[in-house]
Amino acid sequence: MPEAGFERNINLPTSSGKYFRLKAKGDKIKFLIAGVPHYETKHWISDKESVLCSKYNGQGKGTICEWCDQYKDMLAKAENDKKAIEEANRFKAKVNFFYPVLNLDTDEAVIFQTTPQVHWTIVGYKDDGVDVFGCAWTVVRTEEPGKYYETRRLDSVKLTEEQTLALEQAKQIILSKGKASHTVIPEEEIEN
């Protein structure tokens with residue numbers, strides 16, 4: 001059983017909502033985005049222990065992170081040694097995005113935990129003028145090099161009464177993890 005020392009940043013699930021992520025090749029989710037996503041940047045300092053990155057979790061520009069510095073030092077010393085590069089990459093900051101969504105496959109309000117690749121694809125659609133909250137999305141884990149996840153924009157979906165209630169629940173999810181992403185915001189929040 002993992003230790004819960006008083007000085008450690010323990011990675012525990014929050015009480016609001018269920019988390020959903022694509023774990024294996026072929027896993028898929030079809031969803032509607034219900035609110036502003038959040039992101040969190042961590043360093044995995046062992047197989048089971050992570051710490052939040054002080055540099056990329058909103059502490060302010062110029063903030064120093066000992067784990068980022070350690071990663072850079074190890075990478076610089078590694079040169080072309082593949083094993084040393086692999087060891088250094090263990091400390092590289094990893095980013096997760098958390099989207100409150102209506103999972104259209106299960107009709108549940110969930111928190112979709114995903115990668116920057118999926119997030120930036122959605123942002124690209126938003127930048128092209130697509131109402132990312134007004135259409136459905138599907139993400140498939142392909143594990144193909146360069147396209148580990150396939151993210152597709154779908155048409156809007158006519159919701160059942162049950163789905164409408166679940167979407168409202170998803171909109172009420174308070175994401176206590178991470179920092180709000182200002183790249184995907186509903187139009188009504190922009191106007192206010």
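Working chat on a predicted model

Modeller: The accessible surface of the protein comes to about 12200 Å², and 50% of it belongs to carbon and sulfur atoms. Accessible areas here come from the Shrake-Rupley method with a 1.4 Å probe, and for residues only the protein chains shown count as cover.

Biologist: What are the ground rules for the numbers?

Modeller: This is a predicted model, where local features need pLDDT of at least 70, side-chain atom pairs count only at pLDDT 80 or more, and totals for chains, interfaces and linings use all residues. Residues are numbered from 1 along each chain as its sequence is written, and side-chain values use heavy atoms, with hydrogens and water left out.

Biologist: What does the protein average in pLDDT?

Modeller: The average is 85, and 81% of the residues score at least 70. pLDDT is the predictor's confidence in each residue, from 0 to 100.

Biologist: How many helices and strands does the protein have?

Modeller: There are 5 helices and 9 strands. From the N terminus on, the order is β-β-β-β-α-α-β-β-α-β-β-α-β-α. Helices (H or I, at least four residues) and strands (E, at least two) are DSSP runs, numbered from the N terminus.

Biologist: What share of the residues is buried?

Modeller: Buried residues make up 35% of the 192. Buried means under 20% relative accessible area, exposed over 50%, and partly exposed in between (1.4 Å probe, protein chains only). As for contacts between residues at least 6 apart in sequence, 64% join residues at least 24 apart.

Biologist: On to H3. Which of its residues are buried?

Modeller: Val118, His119, Ile122 and Val123. Seen down the axis of H3, they fall within an arc of 135 degrees, so they line one face of the helix. The arc is that of the directions from the helix axis to the C-beta atoms.

Biologist: What do the buried residues of H3 pack against?

Modeller: Five strands are listed for them: E2 (28–33), E5 (94–103), E6 (108–114), E7 (136–144) and E8 (147–153). Just after H3, Gly129 takes a positive phi of about 95 degrees.

Biologist: And which residues of the largest nonpolar core touch the most other members?

Modeller: Of its 17 residues, those are Phe31, Ile33, Tyr99, Phe112, Ile122, Trp137 and Val139. E2, E5, E6, H3 and E7 each supply at least two residues of this core. Apart from it lies another core, of 13 residues, among them Leu32, Leu104, Leu167 and Leu175. A nonpolar core is a set of buried Ala, Val, Leu, Ile, Met, Phe, Trp, Tyr and Cys residues joined through side-chain atoms within 4.5 Å.

Biologist: Where is Thr151 found?

Modeller: Thr151 is in strand E8. With a relative accessible area of 12%, Thr151 is buried. Not counting residues up to four places away in sequence, Thr151 touches Val118, Thr121, Ile122, Trp137, Thr138 and Val139.

Biologist: Now H4. Which of its residues are buried?

Modeller: In H4 (residues 161–171), Gln163, Ala166, Leu167 and Ala170 are buried. Seen down the axis of H4, these fall within an arc of 105 degrees, so they line one face of the helix. Glu161, Leu165 and Gln169, on the other side of H4, are exposed. The buried residues of H4 pack against E2, E5 and E6.

Biologist: Which way does phi go at Glu79, positive or negative?

Modeller: Positive, about 50 degrees, although Glu79 is not a glycine. Glu79 lies in the loop between helix H1 (66–78) and H2, and at 63% relative accessibility counts as exposed.

Biologist: What about phi at Asp107?

Modeller: Asp107 has a positive phi of about 60 degrees and is not a glycine. Asp107 sits in the loop between E5 and E6, and at 24% relative accessibility counts as partly exposed.

Biologist: Last one. Is Glu86 buried or exposed?

Modeller: Exposed, at 61% relative accessibility. Glu86 is in helix H2 (residues 82–89). The C-alpha atoms of Glu86 and Met74, 12 residues apart along the chain, are separated by 9.9 Å.

Terms used. Contact means heavy atoms within 4.5 Å.
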